[in-house]
Amino acid sequence: PTSAQVSAVPQLGRFRYTLDNNVLTTEQRQFYEANGYLLIQKLVSDEDIERFRKEFMRICKKEVKLPGVMIMKNESLRSQYGQSEEVVNKVQDFQEDEELFRYCTLPEVLKYVECFTGPNIMAMHTMLINKLPDTDKQTFLHPMHQDLHYFPFRPADRIVCSWTAMERADQDNGCLVVQPGTHKETLKPHDYPKWEGKVNKLFHGLLDEDKKSPRVHLVMEKGDTVFFHPLLIHGSGINKTSGFRKSISCHFASSECYYIDVKNTTQEHLEKELIEMVRQKYDMTSVELRDIWNFRARLVQGERINL
């Protein structure tokens with residue numbers, strides 16, 4: 001059959017999580033529908049990754065000052081190394097950094113993002129993660145969680161994360177771990193895990209984790225990119241090597257998504273924690289959760305509608 005016949009109307013009803021734009025093959029769409037994630041190999045070039053790495057090093061050396069950026073560090077190593085690659089665990093909300101934000105505008109990335117969000121695309125949440133070599137305390141183990149817990153906008157099916165490995169990621173250095181098919185479940189209650197001395201700020205995890213649910217370790221090479229649904233349960237292990245495991249990511253949403261009120265929901269305590277952090281950091285007396293997201297959000301394709 002011709003491609004026109006393949007994407008004819010009878011097929012439309014089969015797919016809930018992906019949109020018809022002739023980028024994904026039927027097999028890729030079926031895989032995402034069933035599993036909630038899709039891995040695309042060698043999507044981002046070595047040249048771009050090297051540029052992101054250099055900019056991260058400049059941020060570590062405080063050669064770059066960025067409004068709104070949140071730099072997360074292992075405070076226990078700070079006296080030993082100062083602020084450096086050995087200490088900085090995450091650069092979050094880098095939307096004001098022209099060089100890093102290029103990631104969110106790469107045509108090769110947006111081509112796939114559009115399959116999940118549609119043509120009007122907002123970059124909502126950005127992170128460059130530098131998973132440090134871990135200790136017995138497992139400081140950088142990220143508990144299993146759903147990203148939607150952090151987001152006060154819906155619908156979930158029009159949100160997607162793009163996560164690119166900046167070097168090989170495997171079980172030794174703490175690659176992503178996913179529970180396939182969990183994107184079909186509801187948003188579950190999250191909070192800080194009951195781990196002695198192992199809790200990072202805002203690293204919430206599932207309160208009631210199903211230990212028997214099958215898990216897949218996503219072994220990825222440099223430049224490989226995984227796209228996943230915000231309800232997919234995932235996390236990452238510890239870095240047992242002496243090197244660093246870097247990745248860069250962005251959560252994208254259709255600009256047709258809309259904000260919700262999280263009061264009286266499982267997300268309410270996160271809202272309070274986040275607002276308190278922002279008030280203290282910027283000495284603000286009044287700030288709303290929507291204000292924080294409006295500051296982060298950037299239109300990267302199409303037109304801005306709701307978000």
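These legends describe close-up views of one predicted model.

View 1. The protein chain has nine helices and 16 strands. Of its 307 residues, 55% are buried. Take the contacts with a separation of 6 or more: 82% of them come from residues 24 or more positions apart.

**View 2. Helix H8 meets helix H9.** H8 covers residues 268-282, and H9 covers residues 289-296. Their axes come within 10 Å and cross at roughly 65°. The two helices are therefore roughly perpendicular to each other, since angles of 65 to 115 degrees count as such. The crossing of H8 and H9 is left-handed. On the H8 side, the contact uses Glu271, Leu274, Ile275 and Val278. On the H9 side, Leu289, Ile292 and Arg296 take part. Sorted by class, this contact holds five nonpolar residues, two charged residues and no polar ones.

**View 3. Four strands form an open sheet.** The strand order is E5-E13-E8-E11, and the pairing is antiparallel. Strand E5 (142-145) and strand E11 (216-217) stand at the edges. Each has a single partner strand, so one side of each is left without a neighbour in the sheet. Look next at E8, residues 176-178. Two bridges join E8 to E11, and these strands run antiparallel. Here Val177 stands opposite His217 in E11.

**View 4. Cys257 is buried in a loop.** Cys257 lies between strand E14 (245-254) and strand E15 (258-259). Its relative accessibility is 1%, so Cys257 counts as buried; the cut-off is under 20%. Leaving out residues up to four places away in sequence, Cys257 touches Arg154, Pro155, Arg158, Ile159, Asn306 and Leu307. Cys257 and Asn120 are 137 residues apart along the chain, yet their C-alpha atoms are separated by 9.9 Å.

View 5. The bond joins Arg154 and Pro155, with omega about 5°. Pro155 sits in the loop between strand E6 (153-154) and strand E7 (159-165). Both Arg154 and Pro155 are among the residues that Cys257 touches.

**View 6. Ser249 is buried in strand E14.** Ser249 is found in E14. Its relative accessible area is 2%, so Ser249 is buried. Sequence neighbours up to four places away are not counted here. Beyond them, Ser249 touches Phe94, Tyr103, His125, Thr126, Met127, Cys161, Ser162 and Trp163.

**View 7. Helix H7 ends before a glycine with positive phi.** H7 spans residues 107-117. Its buried residues are Val109, Leu110, Tyr112, Val113, Cys115, Phe116 and Thr117. Gly118 follows H7, and its phi is positive, near 90°.

View 8. Phi of Asn22 is near 65°. Asn22 lies in the loop between helix H2 (9-12) and helix H3 (26-35). At 68% relative accessibility, Asn22 counts as exposed. Phi of Lys42 is near 50°. Lys42 is found in the loop between strand E1 (37-40) and helix H4 (46-60). With a relative accessible area of 51%, Lys42 is exposed too, as the cut-off is over 50%.

Methods:
Residues numbered from 1 in each chain as written. Predicted model: local features only at pLDDT ≥ 70, side-chain atom pairs only at ≥ 80, totals over all residues. Heavy atoms only, no water. Axes fitted to C-alpha atoms, helices over the stretch in contact; angles between N-to-C directions. Parallel < 35°, antiparallel > 145°, perpendicular 65-115°, else oblique. Left-handed = near helix turned anticlockwise from the far one by under 90°. Contact = heavy atoms within 4.5 Å. Nonpolar A, V, L, I, M, F, W, Y, C, P; charged D, E, K, R; others polar. Pairing = 2+ DSSP bridges. Buried < 20%, exposed > 50% of the residue type's maximum accessible area, 1.4 Å probe, protein only.
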